[in-house]
Amino acid sequence: MCKKILSVIFLAIFSLSLFGQAASEKFFMSATKKAAMDDYTAAMQDINKAISAAPKSAKLYFTRGMISYAMGNKSTADEDFKKVIAFPAPTADDLRIRAMAHTRLRDHEARDADLKAILDIEPKNAADYFARAIALVGLRKYREAAETCDSLIEKSPKFTKAYLLRGSLYDKRLNQKDDAIADYKKALELDPQNAETMVLIGEVYLEEEKFDDAAKYFEDALKIFPDTKRVQRLLEDAKAHKKRKNK
């Protein structure tokens, strides 16, 4: 399952990429199709042919690294990822590839530098802001991650995941509970049937000892997924806390 997920990920990333040489493109497309079907041996043969036709393509080395990783050859994969980061990255697409290679090599500071550089080149792409916010969370730069979400929301105010991410930062890392609730509610406004968002709101209210509000959101979540034991326990907790408080 893990291998299939990996193959689908890089197929989605690269399936629309264009390469200068027709032979390289032909073998690349064949490799990604075979990897998507878990035929990694055949995929490796094709990606090697693609690299022979275009030996200066960072995208091809990254793809080969992902195939090697899916085959369980981590050290071989890392060698290809190191080749990727050695290539110059003058464009945003080049930087995206290099950032992913840095991620595979667990060099998160370098990954963040590339993601920041992408935003300098293409400052309007919401997905790039979200990727950088996630990277900053991984670096424990929570305030900067929230500020990156600010920029993302300004450019794309209906990007639901940005509200959820910023809300979680306010909730779990920055102790801004009112702001967390506001973001979670905005996310719920954009996706009104999302039971998990209802639970997030309810949990903040429960922590803030607003038990009626907490119970309301837990009940709403249970209307969508009535057999969720975790939410049932949270609802019971909210009611029990209210009962003790009123004694």
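Glu196 and Arg230 meet through their side chains in a salt bridge, 4.0 Å from N to O (a salt bridge being a side-chain nitrogen of Lys or Arg within 4 Å of a carboxyl oxygen of Asp or Glu). Glu196 sits in helix 12 (residues 195-207) and Arg230 in helix 14 (residues 229-245), so this pair ties together parts 34 residues apart in sequence. Helices here are DSSP runs of H or I with at least four residues, numbered from the N terminus. Glu196 is partly exposed at 42% relative accessibility, and Arg230 is partly exposed too, at 35%. For the cut-offs, buried is under 20% relative accessible area, exposed is over 50%, and partly exposed is in between (1.4 Å probe, protein chains only).

A word on the model: it's predicted, so local features need pLDDT of at least 70 and side-chain atom pairs count only at pLDDT 80 or more, while totals for chains, interfaces and linings use all residues. Residues are numbered from 1 along each chain as its sequence is written, and side-chain values use heavy atoms, with hydrogens and water left out.

Searching the whole structure turns up 23 salt bridges. Here are two more of them:

| Pair | Closest N and O atoms |
|---|---|
| Asp80 and Arg64 | 2.7 Å |
| Asp128 and Arg96 | 2.6 Å |

Asp80 belongs to helix 5 (residues 74-86) and Arg64 to helix 4 (residues 58-70), so their bridge ties together parts 16 residues apart in sequence. Asp80 is buried at 3% relative accessible area, and Arg64 counts as buried at 16%.

Asp128, from helix 8 (residues 126-138), pairs with Arg96 from helix 6 (residues 92-104), so parts 32 residues apart in sequence are tied together. Asp128 counts as buried, at 7% relative accessibility. Asp128 and Arg96 also belong to a salt-bridge network with Asp93 and Glu122.

Conventions
Helix = DSSP H or I, 4+ residues; strand = E, 2+ residues; numbered from the N terminus.
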